[in-house]
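This note sets out several points for a colleague reading the model for the first time. Please keep the structure in view while going through them.

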Amino acid sequence: MRLHRNLCFAVIDGLHKIFNEDEYADKVIQTLLKRDKRWGSRDRSFVAETTYDIVRWKRLYAEIADVKAPFDRDNLWRLFAVWATLKGIRLPDWKYFENTPTRKIKGRFDELSKIRKYRESIPDWIDAVGAKELGEALWAKEIAMQNVQADVILRTNTLKTTKKDLQLRLQSEGIETEFLNDYPAALKLKERANVFKTETFKDGWFEVQDASSQLVADFLEVEPGMKVVDACAGAGGKTLHIAALMQNKGQVIAMDIYESKLKKLKIRAKRNGVHNFDMRVLDSTKPIKKLYGKADRVLIDAPCSGLGVLRRNPDAKWKLEPEFLDRIKLTQQEVLQNYSKMVKPGGKLVYATCSVLPSENREQVDKFLTSESGKDFTFVKDNNVLAHKSGFDGFYMALLEKKK
């Protein structure tokens with residue numbers, strides 16, 4: 001592989017924004033990819049994947065390069081040189097790469113790879129929390145999988161098509177997919193591609209949604225005609241899935257504290273042909289109180305640490321702080337206590353997170369069940385999805401039923 005100066009500069013600029021200006025990697029990369037209209041798909045994928053790679057392995061590369069944050073531009077080039085050397089890419093004779101100790105880099109890599117926090121490139125505190133909660137052996141496997149680039153998974157919009165027809169139509173647009181067993185609506189891309197540019201996407205035949213995330217709506221056991229509340233809807237991936245499972249019959253109420261996210265859901269719903277849904281911005285407790293005891297199903301896709309989806313958001317491990325973990329657990333319990341009141345007698349509730357930590361998952365459910373608000377609920381079942389076992393995102397979901 002030959003390195004091109006303008007592409008490398010784009011990567012360095014991106015790293016500067018992510019590491020030094022605390023911007024989100026996905027947003028930075030979206031902006032970078034619009035930088036030069038002449039770039040082809042290979043150029044764009046080089047910029048995106050190289051930036052993500054260096055973000056993912058920041059701690060390991062910084063240790064090898066012997067540089068510390070905040071990184072000036074010379075230090076960012078050093079990180080880049082480490083990345084290129086370990087990928088077996090010959091460094092051009094640019095001034096940024098003068099005196100790069102190639103052999104020393106490989107030696108340091110072998111040495112540091114024996115220590116998990118460097119090998120998996122994670123902060124000490126996340127490594128300690130993961131090992132404490134999952135046990136050394138399980139955590140080692142899980143965090144290793146969280147450093148593997150995630151596959152692109154599509155969810156068939158069954159309101160408009162079938163999985164087979166979706167596969168055939170994508171094939172006609174040059175995109176090859178394969179079926180996933182045990183995931184009724186899922187197709188996996190054989191090679192990465194920008195699916196958002198396809199006519200199939202514009203016609204609302206699919207959404208991009210990880211296979212583990214697709215399990216959540218199924219877990220809710222919805223039926224056409226029900227009143228269902230998605231209490232932390234965000235941009236509504238699961239809301240749309242629920243609406244499809246309900247065949248557009250009944251009512252899905254999407255709630256979120258951020259109006260901007262619900263506006264995105266409105267656009268997605270129109271494309272998906274979903275019309276059995278309403279939106280409520282949670283700017284007070286009123287929308288929830290109005291629904292006390294009225295919902296057949298409530299989904300609480302709770303805010304969490306996101307430690308099950310690090311392969312999608314590698315910069316999250318550098319932004320997370322121990323205090324956030326403590327705060328988010330209080331929020332999770334609060335949300336469970338308040339939103340569960342919308343479930344009617346005989347109705348069901350799913351509590352879900354994209355975390356692999358028991359303290360955010362089963363322990364929260366058990367705490368709720370022993371509380372005043374939770375005493376009317378019984379535990380039905382849960383599913384603890386670990387990335388290293390499933391090959392997809394780490395997720396948790398628990399189904400609870402309200403006594404009649």
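1. Phe97 is buried in this predicted model, with a relative accessible area of 6%. Its partner in an aromatic pair is Phe80, with ring centres 6.0 Å apart and planes at 25 degrees. Planes under 30 degrees apart count as stacked, so the pair of Phe80 and Phe97 is classed as stacked. Phe80 is likewise buried, at a relative accessible area of 0%. What does the pair tie together? Phe80 belongs to helix α5 (residues 73–86) and Phe97 to the loop between α5 and α6 (102–112), so the pair joins parts that are 17 residues apart in sequence.

2. A second aromatic pair is formed by Phe196 and Phe201. Here the centres are 5.0 Å apart and the planes lie at 80 degrees to each other, an edge-to-face arrangement. Are the two residues of this pair buried or exposed? Phe196 is partly exposed, at 46% relative accessibility, whereas Phe201 is buried, at 10%.

3. The count of aromatic pairs comes to 15. One aromatic cluster is made up of Phe9, Phe46, Trp77, Phe80, Trp83, Trp94, Tyr96 and Phe97.

4. The largest nonpolar core has 40 residues. Which of them touch the most other members? They are Phe19, Ile54, Leu79 and Phe80. Helices α1 (5–20), α2 (25–32), α3 (41–56), α4 (58–65), α5 and α6 each contribute at least two residues to this core. In soluble globular proteins, nonpolar side chains tend to be buried together.

5. The buried residues of α3 are Phe46, Val47, Ala48, Thr50, Thr51, Asp53, Ile54, Val55 and Arg56. They pack against α1, α2, α4, α5 and α16 (316–319).

6. How is the chain divided into domains? Domain 1 covers 5–114, domain 2 covers 153–208 and domain 3 covers 211–402. The centres of domain 1 and domain 3, taken over C-alpha atoms, are separated by 36 Å. Ten residues from domain 1 and seven residues from domain 3 take part in the contact between them.

7. Cys304 lies in the loop between β8 (295–301) and α16, and counts as buried at 13% relative accessibility. Not counting residues up to four places away in sequence, Cys304 touches Phe324, Ile328, Gln332, Thr353, Cys354, Ser355 and Glu360. Between Cys304 and Tyr52 there are 252 residues in sequence and, from C-alpha to C-alpha, 22 Å in space.

8. Val343 is found in strand β9 (residues 343–353). Its relative accessibility is 0%, so Val343 counts as buried. Neighbours within four places in sequence aside, its contacts are Gly293, Ala295, Val298, Lys348, Leu349, Phe377 and Lys402. Lys202, 141 residues away along the chain, has its C-alpha atom 35 Å from that of Val343.

9. Thr177 is located in strand β2 (residues 177–179). Is Thr177 buried or exposed? At 4% relative accessibility, under the 20% cut-off, Thr177 is buried. With residues up to four places away in sequence left out, Thr177 touches Gln167, Leu170, Leu187, Lys188, Leu189 and Lys190.

Definitions and conventions
Residues numbered from 1 in each chain as written. Predicted model: local features only at pLDDT ≥ 70, side-chain atom pairs only at ≥ 80, totals over all residues. Heavy atoms only, no water. Phe/Tyr/Trp six-rings, centres within 6.5 Å; stacked < 30°, edge-to-face > 60°. Helix = DSSP H or I, 4+ residues; strand = E, 2+ residues; numbered from the N terminus. Buried < 20%, exposed > 50% of the residue type's maximum accessible area, 1.4 Å probe, protein only. Core = buried A, V, L, I, M, F, W, Y, C linked by side-chain atoms within 4.5 Å. Contact = heavy atoms within 4.5 Å. Domains from an automatic or database assignment.
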